[in-house]
Amino acid sequence: MRYGYIFTRLAEMLPVLLIVVAATFFLAHAVPGGPFEKDRRMPPEVKKRLEEYYGLDKPLASQLVTYVGNLCKGDLGPSLKYPGWSVNEIIGSRIPVSIQLGLTALLLAILIGIPVGVLAASRPNTWLDRVPMGFTLLGICVPSFVLGPLFALVFALGLGWFPPCGWGSPIHFVLPALTLGIVTAAPLARLTRGKVIEAGNQDYVRTARAKGLPERRVWFVHALRNGILPVVTYLGPAAAGLVSGSFVVESLFDVPGLGRLFVSSIINRDFTLILGTTLVYAAALLVLNLVADLAKAALDPRVARGGDR
Amino acid sequence: MSGPTALGPTETGWQRFRKDRAAVFAAWFLLAIAAACLLSPWIAPYPYQRQDLALGAVAPCATHWFGTDILGRDVLSRLLQGGMVSLGVGLVATVVALAFGVLYGVAAGQAGGLVERAMMRTVDILSTLPLTLIVILCMVVFGQNIWMIFLAVGGVSWLTMSRIICTETVSLKNRQFVEVSVALGQSKVGVFTHHYLPNLAGIIAIYATLTVPGVMMLEAFVSFLGLGVQAPMTSWGLMIKDGADIMEECPWLLIAPSVVFALTLLSLNFVGDGLRDAFDPRASKK
């Protein structure tokens, strides 16, 4: 039953990814300018030869068919901007960086967001609730591209604790991960608070308290266990937020990850690289959502039993 | 408004909203910002694109309240002009998202059964996609045409709305007044305009207020990456980016647009939450 469900979900992804490829393909080719238009004009016959070599002179539809054909073999094609490099190689070298950054940020968000949410829920409308929730409201309204520069201004340029940009040692990690993590933690804390308060009004929580369990155990075990389901569901889309946040954060802190690669590939009109990065992101998000749903099923027997809501 | 004796759900809703001091204050603040941006061609102290290279970047002072940027352009005037773009994108794209989301949601809820499930599953799948990437591409493609940007941003922001509207429609569909008007032979369009729209209006307004911040954020994101509005026009996202580039020398260029942008988003959230608490009893119980 469970395997059948996973299989269906995986099968659903194929047409979706195909649509993403087609949409990105036509959009990328509609971008004004081409990959070979640089500051120095190249002779027209050289440009023509290049376009012939990469198959860019063929009609769009047949280019798309060729691309999808190669895709089935796992080949994302050659990069147009960096001759001699394949898109697979370029993306492969950037993925570990983005995964490290993304996972750290997500972990940070969970470690900050969920405890803060539960704590606020356990003392609603006291200063323990109001102060952290005020901060989370700020975290929602101050986007990563404001928070990032502010962090750099204060912690890197002002206090000199961390390098303002770059990559390579763990210390470079701190500011980008903190920026991404806090932005993700804020909505997480608010959601957790709401759901745990709701669970806190249930009879089983009253029972837990009545049988003399310590408050901390009542909130963090009994109420959280039931309040956490929507939070787990939220982590799927939160990963999507991390993705768009990573464009900004990677550009800002000069992190050589996938997000900055996507932005620079658009600026360079590197069609194959645009397609490749978009596809990797789409696939990653679809899989992450599946994982979130499976985690939800593991936590809640009612979901596992087969209701699709 | 109607008679003073009995309070309908709308009046009690407004009363609840008026008691929410934060939301009321936020609403006035938003109105003030919007009015200032809208009137910016007349009230801005300087033309937003006028450069004064001899002057250069000046910290906030009496003649330039928010300072000037490296080209000597007045930051306050640019904030107002940028606000027009940012708020404009927020509003227009939200309207696009609403129109699409409401129609899709009502259609799905009305159809019911397999069609509804297929349509809502599509929404689920779409909402897991990296639509930001597609919007970024659209903005690069249609960069010259600001209306296409509105359409692209709106085109990816309708998903939540359609989901909410679908649930509402399903519950409305079986209410007696709808059944009666269907039995009396009213056309589908008639049922839609006479029964669905008035009953959905509240929830539409609430979630519209909550959609605007997301949409403005998206525009700012793209402008921040340098792929949005083109010079000499500006938007808050672009101003934040320009400010971040030289924050060491001229921090006011980063702080002014960031504060205005954050305050606007904050107010929108307050108003949206206030409206929801006041008018949507189910949501506040949730």
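What follows is a set of questions on terms, with answers that set values against definitions.

Student: What kind of model is this, and how are its parts numbered?

Tutor: This is a predicted model, in which local features need pLDDT of at least 70 and side-chain atom pairs count only at pLDDT 80 or more, while totals for chains, interfaces and linings use all residues. Residues are numbered from 1 along each chain as its sequence is written, and chains are lettered from A and ligands numbered from 1 in the order in which they are written.

Student: How many helices and strands do the chains have?

Tutor: Chain B has 13 helices and zero strands, and chain A has twelve helices and zero strands. Helices (H or I, at least four residues) and strands (E, at least two) are DSSP runs, numbered from the N terminus. As for extent, the C-alpha atoms of chain B fill a box of roughly 75 × 50 × 30 Å along the principal axes, and the C-alpha trace of chain A spans about 85 × 55 × 30 Å along its own.

Student: What span does helix α10 of chain B have, against that of a straight helix?

Tutor: A straight helix of 37 residues would span 54 Å, but α10(B), residues 188–224, spans only 45 Å between its end C-alpha atoms. α10(B) has a kink of about 50°, centred on Ala201(B). The bend at a residue is the angle between axes fitted to the seven residues ending there and the seven starting there. Just after α10(B), Gly226(B) has a positive phi of about 80°.

Student: Why are α5(B) and α8(B) called roughly antiparallel?

Tutor: The axes of α5(B) and α8(B), residues 159–173, come within 10 Å and cross at roughly 150°. Axes are lines fitted to C-alpha atoms, for helices over the stretch in contact, and angles run from 0 to 180 degrees between N-to-C directions. Angles under 35 degrees count as roughly parallel, over 145 as roughly antiparallel, 65 to 115 as roughly perpendicular and the rest as oblique. α5(B) and α8(B) are therefore roughly antiparallel. Among the residues making their contact are Met120(B) of α5(B) and Cys166(B) of α8(B).

Student: Why does the pair α11(B) and α12(B) get that description too?

Tutor: α11(B) and α12(B) pack at about 150°, with axes 7 Å apart, and are therefore roughly antiparallel. In their contact, residues including Trp236(B) and Met239(B) of α11(B) meet residues including Leu253(B) and Phe261(B) of α12(B). By class, this contact has nine nonpolar, two polar and one charged residues. Ala, Val, Leu, Ile, Met, Phe, Trp, Tyr, Cys and Pro count as nonpolar, Asp, Glu, Lys and Arg as charged, and the others, Gly among them, as polar.

Student: What makes up the contact between chain B and chain A?

Tutor: The contact takes 30 residues from chain B and 36 residues from chain A, where two residues are in contact if their C-beta atoms, placed from the backbone, lie within 7 Å. On the side of chain B that touches chain A, the largest share, eight residues, comes from α6(B). That side has 24 nonpolar, five polar and one charged residues.

Technical notes. Expected span 1.5 Å × (residues − 1).
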